[in-house]
There are 2 protein chains.
Amino acid sequence: MRAILHVCTTCRGIDPDAPLEPRPGARLHDTLSLSDLPEGVELRPVECLSACSMGCSVALSAPGKWSYVYGRLTPDDAADILAGAGAYAAAPDGLVPWRERPVIFRKQSLARIPPQE
Amino acid sequence: MRAILHVCTTCRGIDPDAPLEPRPGARLHDTLSLSDLPEGVELRPVECLSACSMGCSVALSAPGKWSYVYGRLTPDDAADILAGAGAYAAAPDGLVPWRERPVIFRKQSLARIPPQE
C-alpha cells in the first residue's frame with residue numbers, strides 16, 4: 001500500500017517577495033515531479049490543503065497510518081520532503097522515529113491525524 | 001460509517017493566562033463528552049495532534065472523506081464544534097457547503113487532507 005505525498009499546487013508560500021505565478025506550490029510540485037520518488041511513494045497534486053497561511057504545504061497519508069501535514073516549505077526543501085516521505089512509507093504505522101525525520105518534518109508540522117480503522 | 005471527532009487532550013491552548021492543569025485540551029474533551037453528540041459522530045481523545053502552537057485542536061475524519069484539522073479552539077466552542085462535526089458526518093464526501101460551516105470551521109482551519117482510496 002503506497003503512501004501518497006499530496007502537494008498543494010495553489011499555495012502562495014510565506015515569502016512576500018516571491019513571484020506569485022507560477023504559484024510557489026505548483027513550483028514545489030514541479031520540482032518534486034522531476035525527482036526520483038522513494039519506494040512506496042506516489043506524488044499527487046491537490047488544489048488547497050486549507051493551510052493557506054502556512055504554505056507551501058504537503059500532506060502524507062496511507063491506509064492504516066497516521067496522516068501528517070507540513071508547512072512553510074519551498075522548492076528548496078524537495079530533497080528533504082522526499083527523504084521524509086520515503087521514511088514514512090517504510091514505517092508500518094507512519095510513525096518515523098524523531099531522529100530519523102528531516103528537520104523540516106520535526107519543526108514544520110502543522111498537524112497529524114490518527115489512522116482510520 | 002461514523003465520523004470520528006478527535007480531540008487533542010494535551011493541547012495547552014493559546015491563552016497564556018489560562019491555567020495549564022487540567023490541560024485546556026482535556027477540558028475541551030470533557031466539555032464535549034458531556035454533550036449530546038450529533039448522529040454519526042464518535043468522540044475520541046488523542047494525545048497530540050502535532051498542532052501545539054495552534055491548540056486547542058480537533059480533527060475530523062471518516063472513511064472516504066476529506067479529513068480536517070481545526071485550531072485555536074476553547075471549551076466555549078464546544079457547541080459549534082459539535083454542529084460542524086454533525087454537518088461533516090452528514091456530508092457524503094465530508095465537504096460541507098461553506099455557509100453551513102460554523103464560523104470557527106471557516107476561519108480556524110489548520111489543514112485538510114484528501115480522502116484515502
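I shall speak about the charged pairs, and then about the nonpolar core. Please bear in mind throughout that this is a predicted model.

Let me begin with charge. Side chains of opposite charge can pair when their charged atoms come close. Over all chains, the structure holds six salt bridges.

B:Arg2 is exposed, its relative accessible area being 53%. B:Glu42 also forms a salt bridge with B:Arg44, where the closest N and O atoms are 2.9 Å apart. B:Arg44 counts as partly exposed because its relative accessibility is 24%.

In chain A, salt bridges link A:Arg2, A:Glu42 and A:Arg44 in a network. A further salt bridge pairs A:Glu21 with A:Arg23, with 3.5 Å between the closest N and O atoms. A:Glu21 is exposed, at a relative accessible area of 59%.

I turn now to the core. Which residues have the most contacts inside the largest nonpolar core? They are A:Leu5, A:Leu32, A:Ile81, B:Leu5 and B:Leu32, in a core of 69 residues. Helix 2 of chain A, residues 78-90, gives the most to this core, contributing six residues.

Consider, finally, A:Ile81. Apart from neighbours within four places in sequence, A:Ile81 is in contact with several residues, among them A:Leu5, A:Leu32, A:Val58 and A:Phe105.

How values were computed. Residues are numbered from 1 along each chain as its sequence is written. Chains are lettered from A and ligands numbered from 1 in the order in which they are written. This is a predicted model: local features need pLDDT of at least 70, side-chain atom pairs count only at pLDDT 80 or more; totals for chains, interfaces and linings use all residues. Side-chain values use heavy atoms; hydrogens and water are left out. A salt bridge is a side-chain nitrogen of Lys or Arg within 4 Å of a carboxyl oxygen of Asp or Glu. Buried means under 20% relative accessible area, exposed over 50%, partly exposed in between (1.4 Å probe, protein chains only). A nonpolar core is a set of buried Ala, Val, Leu, Ile, Met, Phe, Trp, Tyr and Cys residues joined through side-chain atoms within 4.5 Å. Helices (H or I, at least four residues) and strands (E, at least two) are DSSP runs, numbered from the N terminus. Contact means heavy atoms within 4.5 Å.
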